[in-house]
Structures are given as structure tokens and as C-alpha cells.
Amino acid sequence: GVEDGLVDTIGTDNVTLTRAEKNIDASIWDTIPGYSALETHLPILLHEGVVKRNIPIEKVISKVTKNPAETFNVYPKKGTISPGSDADIVIVDLNISKEIKAQDLSSRSDFSIYENRVVKGWPVTTIKAGKVVIRDGEFVANGSNGVYISR
């Protein structure tokens, strides 16, 4: 769908709850939907799209940056690297492979739907509002620098 243009945007249903909080062993009606996508969303997209299927990285990335920003009417403030935009930048290394383990992730969730999968393509640096906040996979910022953007 991404390659053929059928998918416009890609997002997550990020829910950073524990198994117990999600009531994971209950019926579909009594379980809280969603999963923890923190730290795995982009690597999964890179691995499945760019590495395995040779989809151009620009096509995959536009589905998680520019297109959602346009959908939510915050483009070009978000979703592009342009003068006057509030671009957050992630630098990735498509040659890094890691096995996903919930215990190694920064989420408060105690599970990952990708547990034990080896995924190739990981972020190495994240720049938020002009400041490096993640370096070599480690949080290096002093607190939060997020800003609300009105739409």
C-alpha cells in the first residue's frame, strides 16, 4: 500500500501501558486497545519498507512526516525541513541491526509486540528544536523542550 500510493499516512496507536493495565488476558471488549510503539515505530517502518521491500526512504518518511502534518493542518510548520519550520530531525543508520526487547526500551510498558524480532535500520541521533536529545540511542537532553502547535 505504501509503495502503490494507497496509504497516505502512517501513525501509531501508541499506548504505554503494562500488560496488567491493558487487561491483556481479558476479552476483546475488556482489553484496552493499542500497543507501545515508542522506539520501535520508525525502525519497523525502515526495516519492513526500506530494507526488506526496497521502498525509497523518502516515500516511507513522507508518510510519517509531511503527509500527517498536511492532514492535521500544521504543514509547513511541521513535516518539513524548511526555513521557518519547526523541524525535528532523526538521523538513522540503515546498517544497524538490533533485537527488540521490551526491557531495553524507554517505554514504561512491559512488553513489545515486536519482542525478539531483529530489525535493521535504527535512529542514532534525534534533534528537537535545534537541540540533540538522543545521541547513540541514549537520552541526553535536560528535560522536555516540546511546544504546543495550534492547528
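**Note on the predicted model of the protein chain**

1. D136 lies in the loop between strands β3 and β4, the latter spanning residues 138–139. The model discussed here is a predicted one. The phi angle of D136 is near 50°, a positive value in a residue other than glycine. With a relative accessibility of 61%, D136 counts as exposed, since the cut-off for that class is over 50%.

2. A second residue with such a backbone angle is A129, whose phi is near 55°, again positive and again in a residue other than glycine. A129 is placed in the loop between β2 and β3, where β3 covers residues 131–135. Its relative accessibility is 43%, so A129 counts as partly exposed.

3. Strand β2 contains T126. This residue has 19% relative accessibility and therefore counts as buried, the limit being under 20%. Apart from neighbours within four places in sequence, T126 is in contact with I89, V90, K131, V132, V133 and I134.

4. As for the overall fold, the protein chain has four helices and four strands. Their order along the sequence is α-α-α-α-β-β-β-β. Of the contacts with a separation of 6 or more, 56% are between residues 24 or more positions apart.

5. On dimensions, the C-alpha trace spans about 50 × 40 × 30 Å along its principal axes. Buried residues make up 29% of the 151 residues.

6. The accessible surface of the protein chain comes to about 9,600 Å², and carbon and sulfur atoms contribute 52% of this area. As regards charge, there are 18 positive and 20 negative side chains, with the centres of the two sets 4 Å apart.

7. Which residues form the largest nonpolar core? This core has eight residues in all, namely V2, I10, L42, L45, L46, V50, I55 and V60. Helix α2, residues 41–51, supplies the largest share of this core, with four residues. A second, separate core has six residues, among them I44, L105, Y114 and V119. In soluble globular proteins, nonpolar side chains tend to be buried together.

8. I55 may be considered individually. When neighbours within four places in sequence are set aside, I55 is in contact with V2, E3, G49, V50 and V60.

9. Is helix α2 largely enclosed or exposed? Nine of the 11 residues of α2 are buried, so this helix is largely enclosed by the rest of the structure. The buried residues are L42, P43, I44, L45, L46, H47, E48, G49 and V50. The elements that cover them include helix α3 (57–64) and the strands β1 (89–99) and β2 (118–128).

10. L38 occupies the loop between α1, which covers residues 19–22, and α2. With 38% relative accessibility, L38 counts as partly exposed. Not counting residues up to four places away in sequence, L38 touches N14, L105, S106 and S107. L38 and R108 are 70 residues apart in sequence, while their C-alpha atoms are 9.5 Å apart in space.

11. Y75 and P76 are joined by a cis peptide bond, with omega about 10°. P76 belongs to the loop between α4, residues 66–71, and β1.

Note on methods
Residues numbered from 1 in each chain as written. Predicted model: local features only at pLDDT ≥ 70, side-chain atom pairs only at ≥ 80, totals over all residues. Heavy atoms only, no water. Helix = DSSP H or I, 4+ residues; strand = E, 2+ residues; numbered from the N terminus. Buried < 20%, exposed > 50% of the residue type's maximum accessible area, 1.4 Å probe, protein only. Contact = heavy atoms within 4.5 Å. Areas by Shrake-Rupley, 256 points an atom, 1.4 Å probe, with all protein chains shown as cover. Lys, Arg positive; Asp, Glu negative; His and termini not counted. Charge placed at Lys NZ, Arg CZ, Asp CG, Glu CD. Core = buried A, V, L, I, M, F, W, Y, C linked by side-chain atoms within 4.5 Å.
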